Amino acid sequence: MTFVNEVKNAVTPRAALLVIGVLGLQLLFIASYVGALHKPKPTDVAFGVVAPQQMSQQLITQLDGLPGGPLDPRTVSSEAEAREQIMNRDIDGALIVSPQGRTDTLLVASGGGTVLSSALERILTQVEAGQQRTVRTVDVAPASADDFDGLSSFYLVVGWCVGGYLCASILAISAGTKPANRQRALIRTAVMAVYAVAGGIGGAVIIGPILGALPGSVWGLAGLGALVVFSVGMITLGLEALTGIVGIGLAVLIIVIAGNPSAGGAFPLPMLPDFWRAIGPALPPGAGTWVARSIAYFRGNAVTGPLLVLSAWAVAGTALTLLLSMRRGAGRDDESAGTAPSAGGSTAA
């Protein structure tokens, strides 16, 4: 046998296409992570200004005109209102201008990302120095001392996502890459649900009571974890039902390559380039990270939208998995009917 024939036997056309696909995923991984994270800078950060009426508009104009557009300033009526908007995650920080003295107050929330709060402090310190004023920083939603750079919520969600698509992949390839019938699809969905509950509780217990990395409701985090795992698992099963083993690669593309760097974990969303900032909230890692931080540091506020995103992925994946299994099952029923024995004992053509 010639060397060329050996190569043909060793590497089938299907295997060659899969290898090319893996190479594409590898290059996309590099482009996505480096593109999103290599040069973080704040852009259009929602920022409140509480100042006497005669200087409020002038200060907002000044902040809005800073080079690079780091801030998106807006007037806030009072310090109490500014604090409430930060806790509701409507704004990321606020400047409280003192009408008497020359020391103003900067409100930040490091629980939403210490990198962003540090960037706000640096920007406002420079602005205030140009006005011969000083600023003191008050953290209204401080990150836990055991949550370095506010990353624990992101790593928790990444772990849940990894568990979701790995479990779904194992369920799918254990007996072929496509659900052979409705019963198998239902069983896989049920197993995925049980696994999601176990994974959600386990992750919440590890990051809370065991490691003390995140404050907040353990059961709230557990519920979030179950939804994250189930949504990622079911969309993986759905993609595998639709495309076979290629579905695993598509799940990696959505969750790992597009989802993780745009999740606002390593750098909060206002510090990401426009493309990643736009897609992050619509993908499971971004939605999950936002909710985890809200549970831990923001009294569970502003979670409706992200929870709907996760629910939509779960519903879409479940519907795709079950509908495709029903279609395949109907196709086999038709084939069986076409080959059933006739009354005369022969089979249909």
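This is a predicted model: local features need pLDDT of at least 70, side-chain atom pairs count only at pLDDT 80 or more; totals for chains, interfaces and linings use all residues.
1. The largest nonpolar core has 51 residues, and Leu-107, Met-192 and Leu-224 are the ones that touch the most other members. Apart from that core lies another, made of 19 residues, including Leu-95, Leu-106, Ile-123 and Val-127.

2. You'll find Met-234 in helix 8, which runs over residues 218–243. Is Met-234 buried or exposed? It counts as buried, because its relative accessibility is 0% and the cut-off for buried is under 20%. Not counting residues up to four places away in sequence, Met-234 touches Thr-189, Met-192, Ala-314, Gly-317, Thr-318 and Thr-321. Have a look at Val-315 too: Met-234 and Val-315 are 81 residues apart in sequence, yet their C-alpha atoms are 8.1 Å apart in space.

3. For the overall picture, the chain has 12 helices and five strands. Of its 349 residues, 44% count as buried. If you take the contacts between residues at least 6 apart in sequence, 75% of them join residues at least 24 apart.

4. Now a helix pair. Helix 2 (residues 13–37) packs with helix 9 (residues 246–259) at an angle of about 5°, and their axes are 10 Å apart. That angle is why helix 2 counts as roughly parallel to helix 9. On the helix 2 side the contact is made by Leu-18, Leu-25, Leu-28, Phe-29, Ser-32 and Tyr-33, and on the helix 9 side by Val-246, Gly-249, Leu-253, Val-256, Ile-257 and Ala-258. Sorted by type, the residues of this contact are 10 nonpolar, two polar and no charged.

5. While you're on helix 2, look for Gly-24, which has its place there. Gly-24 is partly exposed, with a relative accessible area of 29%. Between Gly-24 and Leu-253 there are 10.0 Å in space, C-alpha to C-alpha, although the two are 229 residues apart in sequence.

6. Ser-152 lies in helix 6, which covers residues 152–173. At a relative accessible area of 12%, Ser-152 is buried. What does Ser-152 touch, not counting residues up to four places away in sequence? The list is Asp-146, Asp-147, Ile-207, Ala-213 and Leu-214.

7. A word on cysteines. Cys-161 counts as buried at 1% relative accessibility, and Cys-167 counts as buried at 11%. How many disulfides are there? The count comes to zero.

8. Finally, two loop residues to check by eye. Arg-89 isn't a glycine, but its phi is positive, about 65°. Arg-89 sits in the loop between helix 4 (79–87) and strand 3 (93–96), and counts as buried at 15% relative accessibility. Ala-302 also has a positive phi, near 55°, in a residue other than glycine. The loop that holds Ala-302 runs between helix 11 (284–297) and helix 12 (304–338). Ala-302 is partly exposed, with a relative accessible area of 35%.

Conventions
Residues are numbered from 1 along each chain as its sequence is written. Side-chain values use heavy atoms; hydrogens and water are left out. A disulfide is a pair of cysteine sulfur atoms within 2.5 Å. Buried means under 20% relative accessible area, exposed over 50%, partly exposed in between (1.4 Å probe, protein chains only). A nonpolar core is a set of buried Ala, Val, Leu, Ile, Met, Phe, Trp, Tyr and Cys residues joined through side-chain atoms within 4.5 Å. Axes are lines fitted to C-alpha atoms, for helices over the stretch in contact, and angles run from 0 to 180 degrees between N-to-C directions. Helices (H or I, at least four residues) and strands (E, at least two) are DSSP runs, numbered from the N terminus. Angles under 35 degrees count as roughly parallel, over 145 as roughly antiparallel, 65 to 115 as roughly perpendicular and the rest as oblique. Contact means heavy atoms within 4.5 Å. Ala, Val, Leu, Ile, Met, Phe, Trp, Tyr, Cys and Pro count as nonpolar, Asp, Glu, Lys and Arg as charged, and the others, Gly among them, as polar.
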